[in-house]
Amino acid sequence: MLKIEDLTVEVNGKTLLRDVNLEVKKGYTNVLFGPNGAGKSALMRTIMGFSEYKVVKGRILFNGEDITGLPVDERARRGLGIMMQRPPDMSGIKLRDLVKAVSKEKKDPEKLAENLDMKRFLDRDVNVGFSGGEIKRSELLQLAAQNPSLYLLDEPESGVDLVSIEQVGKTIRELLEDGLECPGERCTRGKSALIITHTGQILDYVQADRGYILCSGTIMCSGNPLKLLEEIKSKGYEECIKCKLMR
Amino acid sequence: MQADEVNLKKRAESAAEKKAAFGEDFELEKFGEASKVSKPVEDLQVLDEESKKTLLQVGVIPSGEGRAGSLLMLDNAISHSSLKDESVELTSTKKALEKHEWLKDYFWKLVPVDADKYTAKTYLEDADGYFIRAPAGRKSALPVQTCLLLGSKKVSQTVHNIVIVEEEAQLDIITGCTTKKGVEEGLHLGISEMYVKKGATLNFTMIHNWAEQIGVRPRTVVHVEEGGTFISNYICLKPVRSVQTYPTVRLEGKGAVARLNTIAIAHPGSELDLGSKALFNAPGTRAELISRTITTGGKVIARGEMIGNAKGAKGHLECKGLVLSEKGSQRAIPILEANVDDIELTHEAAVGKIAKDQVEYLMARGLSEEEAVGMIVRGFLDVGIRGIPEELRSEIEDTITQTALGM
């Protein structure tokens with residue numbers, strides 16, 4: 001589904017990612033761990049195609065197609081969808097109108113909003129004055145309207161209180177399951193995801209298939225996500241860097 | 001002639017050549033005098049289709065449905081005036097002056113005749129206009145609609161309006177200023193003196209829809225008494241040669257409130273010099289001046305001025321300008337002045353292009369770049385028209401969409 005090969009990325013002439021290789025297979029949910037400033041968000045935003053991120057080497061393949069040079073909207077149309085950590089304030093644009101436009105008028109904003117307890121936000125300007133949890137729910141609402149095949153979720157649990165995290169986690173699970181419970185079926189028809197997580201909290205709600213550790217702009221390690229999380233919790237990221245150096 | 005009038009005449013004559021403080025200087029002699037007589041129109045619905053469309057585009061409904069009354073001024077003649085709601089008075093300024101002896105106390109009391117050559121000309125031509133008065137305690141949300149129509153080529157239309165909202169009354173006005181199809185060149189000079197008395201509310205919406213070679217010089221002053229509210233929505237979205245306006249609201253009574261919203265688009269060849277000014281002359285007065293302007297190649301100067309002269313005054317000034325073309329320019333000139341302590345005046349000004357992160361955010365949801373820009377522009381201007389009557393919104397939003405996509 002998504003394949004990243006030897007990706008090196010710069011922002012304003014500064015290298016943020018170096019020789020990154022990563023893969024998300026169809027129906028898989030992969031997680032990306034890493035300390036602050038490792039380049040996790042940069043990687044996600046590069047995959048989505050935000051113009052600030054310049055790919056200087058390598059390529060991004062989506063369903064076999066090289067999308068490295070495609071603009072953001074083309075990528076969205078091919079099935080990529082992102083949940084941003086800090087989306088811009090969209091003054092004057094009501095959430096209702098955005099949800100309508102995103103779903104091409106096909107979905108009822110009221111209905112979608114009900115599941116996320118966002119009905120009272122439909123007539124508010126998108127992201128303006130939203131709290132951390134409200135931003136997450138608003139992003140998920142927009143994604144539900146967009147219905148991508150690959151979800152790029154940037155720290156869905158950050159800045160969210162304990163009650164909201166339950167809601168956010170469950171919604172993500174529902175979106176990813178997309179009505180399919182059988183893991184076998186998921187691999188042929190299901191949704192895929194790449195999730196950035198700091199704390200691993202989201203793993204209480206979604207079953208992750210593979211984990212990657214990103215430090216200093218490079219993938220240090222990959223493997224079973226829960227095992228990786230355990231390692232990180234007990235030894236910290238320092239160990240990952242040392243480990244990579246020793247290999 | 002009374003002493004007052006002699007004095008006014010003298011002052012006007014002395015200002016006949018006086019250039020305005022801002023904006024392109026128009027040579028008045030290049031424009032003919034617009035006709036002061038026109039065939040009365042009994043019913044606006046009998047106008048030809050083209051004229052009716054022109055009226056509709058500025059929010060004036062020919063059938064008068066949903067309106068308390070309608071008035072049409074064609075060139076310099078009032079050609080139609082009708083009332084559906086008798087609780088309000090609507091007539092020409094001249095007729096009102098004949099009828100009400102006291103009206104002279106409101107006549108040229110807010111706008112100085114010698115402000116510039118445009119005010120002087122309007123006085124010296126003894127211009128007519130609309131007179132609207134809501135009697136004390138009148139409550140009705142039905143707006144009065146007026147249309148100032150420039151119907152002849154290369155003439156100057158001079159207008160003198162007086163609006164009085166008596167104590168505790170409510171009045172909504174929709175004014176559409178426009179040109180007949182084919183009238184591309186001309187001048188519109190409009191004096192408006194508005195009085196909002198104790199506890200009264202005036203909600204004034206003005207839509208300008210001119211043509212490419214029209215010069216527009218409105219001169220408006222509003223006087224608001226204790227507990228009164230003045231709300232203005234000014235909309236100018238179509239090409240015009242030059243508009244220069246600087247409506248001033250004098251908050252003269254305790255707790256008086258003003259809110260002025262401006263949305264405008266400067267097309268290539270247009271110069272829009274749009275300001276608004278609030279004078280806080282009584283304690284606890286408040287004002288909000290908000291301007292949202294876009295250039296697709298024209299020049300915008302967004303002025304805003306707040307002068308605090310009394311304690312407890314609170315005001316916010318916001319000028320935001322989008323530049324959608326390399327040829328356009330935006331200049332925001334906010335002025336704040338505090339002349340006593342215990343005053344809170346703030347401003348926020350920003351000019352520039354559409355933020356790329358906003359466009360890409362929407363594109364990441366599958367909207368094309370064009371759709372994303374259209375949505376942002378509509379949203380940008382929407383902030384400035386949230387107070388306007390609902391039925392005017394769709395027309396305005398359509399215009400905005402067309403402009404945003406056609407740049």
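**Entry 1. Helix H3 of chain A**

I first listed the buried residues of H3(A) and found Leu95(A), Leu98(A), Val99(A), Ala101(A) and Val102(A). I took a residue as buried if 20 or more other C-beta atoms lie within 10 Å of its own, as exposed if 12 or fewer do, and as partly exposed in between, with C-beta atoms placed from the backbone. Viewed down the axis of H3(A), these buried residues fall within an arc of 165°, so they line one face of the helix. The arc is that of the directions from the helix axis to the C-beta atoms. I recalled that an α-helix has 3.6 residues a turn, so residues three or four places apart point the same way.

I noted that the model is predicted: local features need pLDDT of at least 70, side-chain atom pairs count only at pLDDT 80 or more, and totals for chains, interfaces and linings use all residues. Residues are numbered from 1 along each chain as its sequence is written, while chains are lettered from A and ligands numbered from 1 in the order in which they are written. Helices (H or I, at least four residues) and strands (E, at least two) are DSSP runs, numbered from the N terminus.

I then looked up what covers the buried residues of H3(A); the cover includes E7, helix H4 (109-115), strand E8 (125-126) and H5 of chain A, together with helix H6 (369-382) of chain B. Two residues are in contact if their C-beta atoms, placed from the backbone, lie within 7 Å. After H3(A) comes Lys104(A), with a positive phi near 55°.

**Entry 2. H3(A) against H5(A)**

I found that H3(A) and H5(A) pack at an angle of about 30°, with their axes 8 Å apart. Axes are lines fitted to C-alpha atoms, for helices over the stretch in contact, and angles run from 0 to 180 degrees between N-to-C directions. H3(A) is therefore roughly parallel to H5(A); angles under 35 degrees count as roughly parallel, over 145 as roughly antiparallel, 65 to 115 as roughly perpendicular and the rest as oblique. The crossing of H3(A) with H5(A) is right-handed. A crossing is left-handed if the near helix is turned anticlockwise from the far one by less than a right angle, and right-handed if clockwise.

From H3(A), the contact uses Leu95(A), Leu98(A), Val99(A) and Val102(A), and from H5(A) it uses Ser138(A), Leu141(A), Gln142(A), Ala145(A) and Gln146(A). I sorted the residues of this contact into 6 nonpolar, 3 polar and no charged. Ala, Val, Leu, Ile, Met, Phe, Trp, Tyr, Cys and Pro count as nonpolar, Asp, Glu, Lys and Arg as charged, and the others, Gly among them, as polar.

**Entry 3. H5(A) against H6(A)**

I next examined H5(A) and helix H6 (residues 162-177) of chain A, which pack at an angle of about 15° with axes 10 Å apart. These two helices, H5(A) and H6(A), are therefore roughly parallel to each other, and their crossing is left-handed. In H5(A), Gly133(A), Lys136(A), Arg137(A), Leu140(A), Leu143(A) and Ala144(A) meet Ser164(A), Val168(A), Thr171(A), Ile172(A) and Leu175(A) in H6(A). By class I recorded 6 nonpolar, 3 polar and 2 charged residues for the contact of H5(A) with H6(A).

**Entry 4. Val126(A)**

I located Val126(A) in strand E8 of chain A. With 28 C-beta neighbours inside 10 Å, Val126(A) counts as buried. Leaving aside residues up to four places away in sequence, Val126(A) touches Met90(A), Ile93(A), Leu95(A), Leu98(A) and Ser138(A).

**Entry 5. Contact between chains A and B**

I looked up the contact and found 19 residues from chain A and 18 residues from chain B. On the side of chain A that touches chain B, helix H2 (72-78), strand E7 (90-94), helix H3 (95-102) and helix H5 (132-146) each supply at least two residues. That side of chain A has 12 nonpolar, 5 polar and 2 charged residues.

**Entry 6. Helix H4 of chain B**

I found helix H4 (residues 117-124) of chain B mostly covered, with 7 of its 8 residues buried. The buried residues of H4(B) pack against helix H1 (3-14), strand E7 (155-165), strand E9 (185-196) and strand E11 (213-224) of chain B. Asp126(B), which follows H4(B), has a positive phi near 55°.

**Entry 7. Positive phi outside glycine**

I checked Asp6(A), which has a positive phi of about 45° although it is not a glycine. Asp6(A) is exposed, with 11 other C-beta atoms within 10 Å. For Trp108(B), also not a glycine, I found a positive phi near 55°; Trp108(B) counts as buried, with 20 C-beta neighbours inside 10 Å.
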